[in-house]
Amino acid sequence: MSDLRAPGFPEQRVRTRARIGTADAFPDAQQYGTTMFGQHGEHTAAPVDAIDRARLVPPVFVPLRMEKLFDLGREPVAGDVDLSTAIGGFRSALPAYVSAFGSTRVAGGDLGRSVARQAGRLGMPMVIGENIVPVAGYGRMADESESSLLGRITEYTRAVPDGLGGVVVQQSTEDADAEVWNLVYTDPAAQPLLESGRLAFELKVGQGAKPGVGGMTLVPRDRGAELAAQYDVMDLYGPDGDAVLRSSSPGTFTEEVLRQQIRLMRNNYPRCRVWVKLPPSRDVDRATAIAWEAGADAVTVDGAEGGTGWAPRAFLDHVGVPLAECLDLIDAQDNCLLVTGRIWEGARAVKCLTLGASAIGLGRAALTAADEDPENGLVALVECLALEMRLLISALGKYEVGQLSSQDVWLEGRAPRRQQPSLLD
């Protein structure tokens, strides 16, 4: 039995899905013919936020289904839904990607490599989190950590099909000192991705689990003095404790600093896509607009529900704008908006897409699934997610991800209005 846990997250549901895959989209087959199913059955999770409480609302009149019928020469079915999409300059088999895990020990070693290998097989983009190089090394030297950034890139590159997916490497304040992007940009192991246009760099401005502060990890006490030159190191556990807290700087941003950072990325790494990761801040609408204006290919917003790493208790339940409100604030228009925040199944994913997201990120879900089955758990989870998404999107009378709109969702307290383009107006 693994020691990996995810309190407050439907961990056991994810583990079941990682074992049985698409079968988990339906009730237990042993109950067929003996059980009647309706709303609030055993597989319905308790609503947690406005997205969970929202309802997808299929229409009676489905003109796009009629168009599809003419194209196919037959009645369309769920399998005709095309989930392939563009995510931040990459082609993906579905509107989902693996979000960053940071330098937390959870993603280290074999588990991080397992996620990378399976994400590559699925043809979906993968983000590798910040602070890995300053803490664990890059991996060119034989004695460096097996959890290195280079190891994940190598596993992903070996598995990903031609023309799909991509690797996104985060950099934060301390990573800039370690020249992470320079290391990756010039490394032979990354050249296949670079040459095929499947490498991106992501500027990390903040994260969902602890907006307003930097990344935090526990490190062995004997490494504390070494890391103190780059990080804020705190001794929380006294002289008898084995670990100390290593805290990153959150960075200092103004509107002009953000613009200049993105312009520098585009200038210094012209062969890479540019992504920006934002926390669930009260001015997230302005920050996303500035990032896109400056030329970002994608902006990721972590809802307050997101997070895989170590964080103070006070932040987990009390700091940050919930994902539903972030989506309400942001006007993505034709820009690429990526969102994360307790997403693991099709209904929440499709609701986010109807509310303006271009794709959704899997964080805790990806780690949990790979932990349950290191060879196929993430693949099984994503295959079930894809099935649910196809069923839901086809029920809305649509057959491409880009056809979804806010008319397809009924937010609590806001009934659908005819002849209105958006429920959020």
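Which residues form one aromatic cluster? The cluster consists of Trp181, Tyr185, Phe201 and Tyr269.

## Basis of the model

This is a predicted model, in which local features need pLDDT of at least 70 and side-chain atom pairs count only at pLDDT 80 or more, while totals for chains, interfaces and linings use all residues. Residues are numbered from 1 along each chain as its sequence is written, and side-chain values use heavy atoms, with hydrogens and water left out.

## Aromatic pairs

The structure holds 7 aromatic pairs. Rings of Phe, Tyr and Trp (its six-membered ring) pair if their centres lie within 6.5 Å; planes under 30 degrees apart count as stacked, over 60 as edge-to-face and the rest as tilted. Phenylalanine 90 and tryptophan 275 make a tilted pair, because their ring centres are 6.0 Å apart and their planes stand at 35 degrees. Phenylalanine 90 belongs to strand β3 (residues 90–92) and tryptophan 275 to strand β11 (residues 273–278), so this pair ties together parts that are 185 residues apart in sequence. Helices (H or I, at least four residues) and strands (E, at least two) are DSSP runs, numbered from the N terminus. Phenylalanine 90 and tryptophan 275 are both buried, where buried means under 20% relative accessible area, exposed over 50%, and partly exposed in between (1.4 Å probe, protein chains only).

Tyrosine 185 and tyrosine 269 form an edge-to-face pair, with 5.1 Å centre to centre and 70 degrees between the planes. Tyrosine 185 sits in helix α8 (residues 180–186) and tyrosine 269 in the loop between α11 (255–268) and β11, so the two join parts that are 84 residues apart in sequence. Tyrosine 185 and tyrosine 269 are both buried.

## Nonpolar cores

A nonpolar core is a set of buried Ala, Val, Leu, Ile, Met, Phe, Trp, Tyr and Cys residues joined through side-chain atoms within 4.5 Å. The largest one has 94 residues, and Val169 and Phe201 have the most contacts inside it. Helix α17 (residues 377–395) gives the most to this core, with 8 residues. A second, separate core of 12 residues includes Ile87, Ala100, Ala298 and Ala359.

Contact means heavy atoms within 4.5 Å. Leaving aside neighbours within four places in sequence, phenylalanine 201 touches residues that include Val168, Val169, Trp181, Tyr185, Met265, Tyr269 and Trp275.

## Helix α12

In helix α12 (residues 284–293), the buried residues are Val284, Ala287, Thr288, Ile290, Ala291 and Trp292. They pack against α11, β11, β12 (298–302), α14 (323–329) and β13. Glycine 295 follows α12 and has a positive phi, near 110 degrees.

## Salt bridges

Side chains of opposite charge can pair when their charged atoms come close. A salt bridge is a side-chain nitrogen of Lys or Arg within 4 Å of a carboxyl oxygen of Asp or Glu, and a search of the whole structure finds 27 of them. In one, arginine 342 pairs with aspartate 49, the closest N and O atoms being 3.8 Å apart. Arginine 342 is in the loop between β13 (337–340) and α15 (346–354), and aspartate 49 is in the loop between α1 (11–20) and α2 (50–53), 293 residues apart. Arginine 342 is buried at 12% relative accessibility, and aspartate 49 is buried at 8%.

Arginine 53 forms a salt bridge with glutamate 412, with the closest N and O atoms 2.9 Å apart. Since arginine 53 lies in helix α2 and glutamate 412 in the segment after β15 (409–410), the pair ties together parts that are 359 residues apart in sequence. Arginine 53 is partly exposed, at 36%, and glutamate 412 is exposed, at 55%. Within helix α11, arginine 259 and glutamate 256 lie 3 residues apart, about one turn of the helix, and their salt bridge has its closest N and O atoms 3.4 Å apart. Arginine 259 is buried at 16%, whereas glutamate 256 is partly exposed at 38%. Elsewhere, salt bridges that share partners join Arg5, Glu11, Arg15, Arg19, Asp371 and Glu372 into one network.
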